Amino acid sequence: MQCWSIILAAGSGSRMAQAAGGVKKQFIRWNGAPLFWQSAVTLARVARLHGLVFVFPPSDMEEARAELEDLDRLRGLGLPWVVAEGGERRQDSVYNGLMALPEQCDTVLVHDAARPFLSPALVNRLLDALQDGAGGVIPVLPVTDTIKVVTGTHVVSTPVRDTLRAVQTPQGFNRATLSTAHQACRAHGWQVTDDALVLEQAGIPVVTVAGDPQNHKITHPEDLAMLGNRERDTVD
Ligand code: CTP
Ligand code: MG
């Protein structure tokens with residue numbers, strides 16, 4: 001198995017921007033490096049991971065690449081990496097990341113840089129499932145809130161909570177399966193919120209493994225407190 005990970009760091013962080021002083025959240029300084037670096041370091045610690053594709057906003061490309069080169073020189077990531085330009089929507093950034101994978105790569109993890117607390121154990125659970133032949137695998141957690149379907153301010157229905165799961169990244173895929181499914185997604189003009197949905201649209205089975213309660217996503221200003229609890233640097 002030749003597995004690479006795509007690290008998605010091409011969003012605009014609009015829900016966070018004001019609290020972060022206009023800095024896109026993936027570039028917030030933390031432990032002397034931009035936040036996206038933390039995901040890279042964790043992924044690089046996993047022996048079965050062969051390389052990384054960083055996806056950055058086109059406007060930040062050169063600066064981010066230069067910083068990565070410096071960090072890699074100083075701290076030694078220990079595996080090959082390339083960069084790719086992000087697109088307008090997350091799914092476009094994933095597509096561009098897939099295009100940048102080297103030919104020998106046969107499996108891929110798609111990870112949001114906005115989840116800096118992923119663990120090697122979680123990555124290994126995903127890789128085990130891929131090694132067992134899964135076409136797609138996602139980390140999930142049970143839902144503790146009751147979830148309602150609503151229209152406007154009206155409740156439409158209440159899905160049975162035991163059947164619901166909250167989904168995290170990284171999500172793991174057979175590379176060819178994901179690439180083909182993303183191409184179909186583009187051809188049909190479908191909007192998707194995660195990559196598992198790309199496979200679901202194509203009728204391809206996706207399996208689950210246990211997610212990690214620590215693997216929070218940094219989305220809103222109050223989420224910055226999670227970085228504070230974990231030695232965050234000052235926000236630039
Ligand atoms: N992302 C990306 N390309 C996009 C949009 C999002 O690479 N066009 C990445 C983000 O950088 C983030 C991950 O996808 O790591 C999850 O997206 P989200 O948390 O929504 O981040 P943003 O889109 O940046 O934030 P917001 O929605 O608040 O603008
Ligand atoms: Mg977004």
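Let's start at the largest pocket, where helix α6 gives the most to the lining, with three residues. Keep in mind as you look around that this is a predicted model. Helix α6 covers residues 195–201, and both α6 and α3 supply at least two residues each to that lining. How much space are we talking about? The volume of the largest pocket is about 810 Å³. In total, 32 residues line this pocket, and if you want to find its centre, look for R15, R90, D112, T193 and K217, which lie nearest to it.

Now for the second largest pocket, which holds about 240 Å³ of space. Its lining has 15 residues, and R115, L141, A166, Q168 and H216 are the closest to its centre. Strands come in here: β7 (136–142) and β10 (165–167) each supply at least two of the lining residues. Sort the lining of this second pocket by class and you get eight nonpolar, four polar and three charged residues.

Helix α3 runs over residues 90–99, and its axis comes within 11 Å of the axis of helix α5, residues 175–188. How do the two helices cross? The angle between their axes is roughly 135 degrees. An angle over 145 degrees would count as roughly antiparallel, and 65 to 115 as roughly perpendicular, so α3 and α5 are oblique to each other. Their crossing is left-handed. Which residues touch? On the α3 side they are Q91, D92, V94, Y95, L98 and M99, and they meet R175, L178, S179, H182, Q183, C185 and R186 of α5. Taken by class, this contact has six nonpolar, four polar and three charged residues.

Let's finish with two spots in the backbone. Most residues other than glycine have a negative phi, and most peptide bonds are trans. First, look at the loop between β10 and β11 (171–174), where you will find P170. The peptide bond leading from T169 into P170 is cis, with omega near 5 degrees. Then find N31, in the loop between β2 (29–30) and β3 (33–34). N31 is not a glycine, yet its phi is positive, near 50 degrees.

Key
Residues numbered from 1 in each chain as written. Chains lettered and ligands numbered in written order. Predicted model: local features only at pLDDT ≥ 70, side-chain atom pairs only at ≥ 80, totals over all residues. Heavy atoms only, no water. Axes fitted to C-alpha atoms, helices over the stretch in contact; angles between N-to-C directions. Helix = DSSP H or I, 4+ residues; strand = E, 2+ residues; numbered from the N terminus. Parallel < 35°, antiparallel > 145°, perpendicular 65-115°, else oblique. Left-handed = near helix turned anticlockwise from the far one by under 90°. Contact = heavy atoms within 4.5 Å. Nonpolar A, V, L, I, M, F, W, Y, C, P; charged D, E, K, R; others polar. 1 Å grid on protein atoms, 1.4 Å probe; cavity = no way out; pocket = protein on both sides within 12 Å on 5 of 7 lines; lining within 4 Å. Points joined across faces, edges and corners; volume = space filled by probe spheres on them.
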